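The following report describes selected features of a protein model. The sequence and structure are shown first, and the discussion follows.

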Amino acid sequence: MITEPHRLIRRCEVTAILILYGLPRLLTGSILAHEMMHAWLRLKGYPNLSPEVEEGICQVLAHMWLDSEIYAASGSDAAPSSSSSSSSSSPPSSSSSSSSTSSKKGKRSDFEKKLGGFFKHQIETDSSTAYGEGFRLADSAVSFFENLKQVPNFEHSQNTIFAFATVLAKFKRKEELKALIGDVKDGKFNNVKVSFMNLLFWYSTAGDLQEVLKTWEEYMSEENRLSTEAHNIVIGLYAQKGMNLEAVEAFRGMIDRGVIPNSRTYTILIEQLIRLGKLDAAMEVFTLLPSMRIKRTLKQFLILIEGFVGGERFDVVKSLLKEMKEDGKLPGRAMRVYLERMKEAGFSGEADEFLVEMLPDGRIKSVGSCEDSNDEDEDEDEDEDGDDNVNEGIDIHMVKLKPWLDPKALANALKQWNPEVVTILEDAKFVWTSRLVCKVLRNFTSTEAAWNFFCWVASQPGFTHDIYTVQRMMTLLARHGNVELVDELINKVRREQMRLPFSTVRLLIEFYGISKNADAALKVFHDDRSLCGHIPRFNLMLLYSSLLRALTKSRRNLEALEVLDAMILNGICPDIQTFSGLIYHFALQGDIKTVQQLVTMVRQNGMEPDAYMYKLLIKAYCKCQRAALAYRVFEDMRNSNLMPDAATKDLLVKSLWQEGKRKEAVDVEERYVETDAALPLALRGHVWTVSSEDLARVYSIYYTSVTASA
């Protein structure tokens with residue numbers, strides 16, 4: 001008996017498969033095949049597949065078993081009629097084994113053959129989204145691909161091959177996927193080529209770790225630097241399969257190679273920690289993301305809320321909901337079940353507002369599933385409100401949300417905005433909701449088309465723009481430097497007394513920095529940040545940092561220093577990343593006096609230059625052909641018991657030799673000691689974002705939590 005506080009950790013285990021007694025043999029067998037596939041998926045580490053994928057796979061297995069039984073009982077040499085059997089050929093021994101088993105039990109009656117055909121027909125014609133559509137998607141793709149071989153003059157393109165490979169991977173058809181990739185590599189599809197990233201994606205989606213690692217080794221041998229997403233795939237697959245220590249090693253290797261972790265990387269880490277029951281550790285990593293300038297995503301919020309609701313820690317859920325609202329996140333309906341549990345626990349006030357936003361629009365009488373592609377900014381799990389009989393008892397003349405509606409395809413169809421397109425769109429009689437409008441806006445590539453759609457949809461019956469659609473349009477316009485239209489929307493926000501999320505204001509400033517529009521960034525900072533309401537000191541520091549970065553990108557050096565002075569006078573202390581960014585900028589400009597002043601300010605604000613800041617100084621001085629100053633930084637670094645990484649040391653030595661400082665170059669070589677630090681300093685692109693301390697802290701949390709669970 002457990003007498004002490006004990007945290008329950010959800011694990012995927014299979015203890016039994018229960019089937020009703022007295023069912024026909026073929027029905028019992030098909031159910032058993034279906035349920036055994038569920039069990040296999042659980043035991044192999046696939047607990048969170050969508051209903052269409054999981055039930056579709058299981059139905060394919062049930063269908064294949066029925067097919068094999070009918071074929072074996074027939075005693076003929078004809079191939080099974082099902083596309084699933086014809087496309088997933090088994091070794092001859094399995095057929096003969098089935099035939100042998102069948103013959104031992106005696107010849108099957110015609111009635112049983114017909115009964116088996118009926119059960120197959122039930123699977124094939126099932127109208128439900130998960131079982132029926134899932135089966136047809138998995139099975140018909142194979143048949144369709146095979147049938148295309150019979151079409152005269154048809155040639156597969158990159159798109160058709162990629163689509164088919166993705167379907168095979170999604171439904172775990174590993175052998176067929178390998179065969180298809182082999183055909184592509186052998187040149188059977190003319191000019192179709194696959195990259196290492198394509199292979200990693202397909203094999204990881206199929207759950208084939210062996211092929212992922214094999215592809216990974218080939219990738220590493222041929223490429224100088226692997227992408228962030230390649231590392232994410234490996235870390236994620238290790239974590240998914242419960243190989244937790246291997247996932248930690250892969251994350252460490254990612255940093256060792258100088259690859260920048262992104263939002264998806266941290267989503268994988270947070271999800272793994274939650275799965276291990278390390279809720280506080282997951283929350284600690286999540287809390288660090290803003291200081292590392294990593295965008296927090298809806299998926300991360302969902303994972304954390306699910307974990308803390310499961311642990312009945314509703315106080316943390318309450319704070320997460322508050323932060324979610326401040327970040328301007330439109331909640332997905334997948335979160336609804338957790339908020340309802342929170343409401344049942346007595347936290348109705350915090351959950352009610354989000355629950356109202358998640359309720360289906362009253363104008364929509366039939367809601368089907370809608371699949372949408374995710375991007376790095378949102379990383380959202382799409383919601384699926386499918387029902388087994390979505391049209392049962394519903395008037396076909398009533399308004400319905402089309403279950404096949406794809407916002408990306410719709411946005412693509414609207415890119416040529418003209419009266420004809422508007423007429424077709426109006427005739428479609430879509431029910432426009434904030435969620436749908438946001439998804440469509442997200443997929444526009446043209447700001448002109450997006451703005452036309454945004455203005456048009458505002459006049460549609462029953463729809464009114466809210467802060468979610470306005471901020472989506474605003475950031476899209478700012479990304480492309482359209483200041484006038486952004487100002488128009490800001491005036492709308494002010495006029496209608498909306499509360500603009502802090503994250504949106506910061507994004508506007510950063511986008512204006514990218515387009516080198518310092519005046520627009522200054523206007524947003526000084527005139528428009530009040531639309532966020534009260535801004536906490538930490539968030540204000542982040543906002544100042546974004547503005548300083550925008551000003552340096554625009555070469556407005558004097559104004560950047562004035563903003564820095566105002567920031568400190570207002571009691572807002574810049575973090576080490578902000579100082580690093582400023583120091584690197586002015587060092588590249590050759591403004592050594594300002595650099596030295598900034599280093600002094602770092603110490604005056606109670607901080608010490610970290611190893612990464614020293615590295616930036618050495619790199620900047622070497623680039624400006626001021627190797628003597630870089631040598632002095634090296635000495636300061638040694639006096640602080642720090643040491644640059646090997647690449648920075650090599651750069652310093654090379655620069656000293658090129659500038660005739662041979663004695664200093666030899667001195668660096670002799671005094672350099674390669675350290676086995678907790679984390680390397682090879683990361684690129686982190687001048688304004690992640691500090692060495694932040695990365696070390698994340699790694700420490702991750703490593704300690706996982707090893708404690710091992």
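Leaving aside its neighbours within four places in sequence, with which residues is Ile 592 in contact?

## Ile 592 and its surroundings

The model discussed here is predicted. Once neighbours within four places in sequence are set aside, Ile 592 is in contact with Tyr 621, Arg 626 and Leu 629. Ile 592 itself belongs to helix H30. Its relative accessible area is 11%, and because this falls under 20%, Ile 592 is buried.

## Overall composition

The secondary structure of the protein consists of 35 helices and zero strands. The protein has 710 residues, of which 49% count as buried. Among contacts between residues at least 6 apart in sequence, 71% join residues at least 24 apart.

## Helices H30 and H31

Helix H30 spans residues 592-604, and its axis comes within 13 Å of that of H31, with a crossing angle of roughly 175°. This angle is over 145 degrees, so H30 is roughly antiparallel to H31. On the H30 side, the contact is made by Ile 592, Val 595, Val 599, Val 602 and Arg 603. On the H31 side, Met 613, Tyr 614, Leu 617 and Tyr 621 take part. By class, the contact of H30 with H31 has eight nonpolar, no polar and one charged residues.

## Helices H31 and H32

Helix H31 (residues 611-623) packs against helix H32 (residues 627-639) at an angle of about 165°, and their axes are 7 Å apart. The angle again lies over the 145-degree limit, which means that H31 is roughly antiparallel to H32. The crossing in which H31 passes H32 is left-handed.

Sorted by class, the contact of H31 with H32 has 12 nonpolar, no polar and one charged residues.

## The loop between H31 and H32

Gln 625 is found in the loop between H31 and H32. Its phi is near 60°, a positive value in a residue other than glycine. Gln 625 counts as exposed because its relative accessibility, 63%, is over 50%.

## Cysteines

How many disulfides does the structure hold? The number is zero. A disulfide is a covalent bond between the sulfur atoms of two cysteines.

For Cys 624, the closest cysteine sulfur is that of Cys 622, at 9.4 Å. A disulfide would require the two sulfur atoms to be within 2.5 Å, so this separation is too far for a bond. Cys 624 is partly exposed, with a relative accessible area of 23%. Cys 573 likewise counts as partly exposed, at 36% relative accessibility.

## Loop residues elsewhere in the chain

Lys 429 is found in the loop between helix H20 (419-428) and helix H21 (434-442). Its phi is near 55°, which is a positive value in a residue other than glycine. At 60% relative accessibility, Lys 429 counts as exposed.

Gly 462 is found in the loop between helix H22 (447-457) and helix H23 (467-479), and it counts as exposed at 64% relative accessibility. Gly 462 and Val 431 are 31 residues apart in sequence, while their C-alpha atoms are 8.3 Å apart in space.

With neighbours within four places in sequence left aside, Asp 327 is in contact with Arg 296, Phe 301, Pro 501 and Ser 503.

Methods:
Residues are numbered from 1 along each chain as its sequence is written. This is a predicted model: local features need pLDDT of at least 70, side-chain atom pairs count only at pLDDT 80 or more; totals for chains, interfaces and linings use all residues. Side-chain values use heavy atoms; hydrogens and water are left out. Axes are lines fitted to C-alpha atoms, for helices over the stretch in contact, and angles run from 0 to 180 degrees between N-to-C directions. Helices (H or I, at least four residues) and strands (E, at least two) are DSSP runs, numbered from the N terminus. Angles under 35 degrees count as roughly parallel, over 145 as roughly antiparallel, 65 to 115 as roughly perpendicular and the rest as oblique. A crossing is left-handed if the near helix is turned anticlockwise from the far one by less than a right angle, and right-handed if clockwise. Ala, Val, Leu, Ile, Met, Phe, Trp, Tyr, Cys and Pro count as nonpolar, Asp, Glu, Lys and Arg as charged, and the others, Gly among them, as polar. Buried means under 20% relative accessible area, exposed over 50%, partly exposed in between (1.4 Å probe, protein chains only). Contact means heavy atoms within 4.5 Å.
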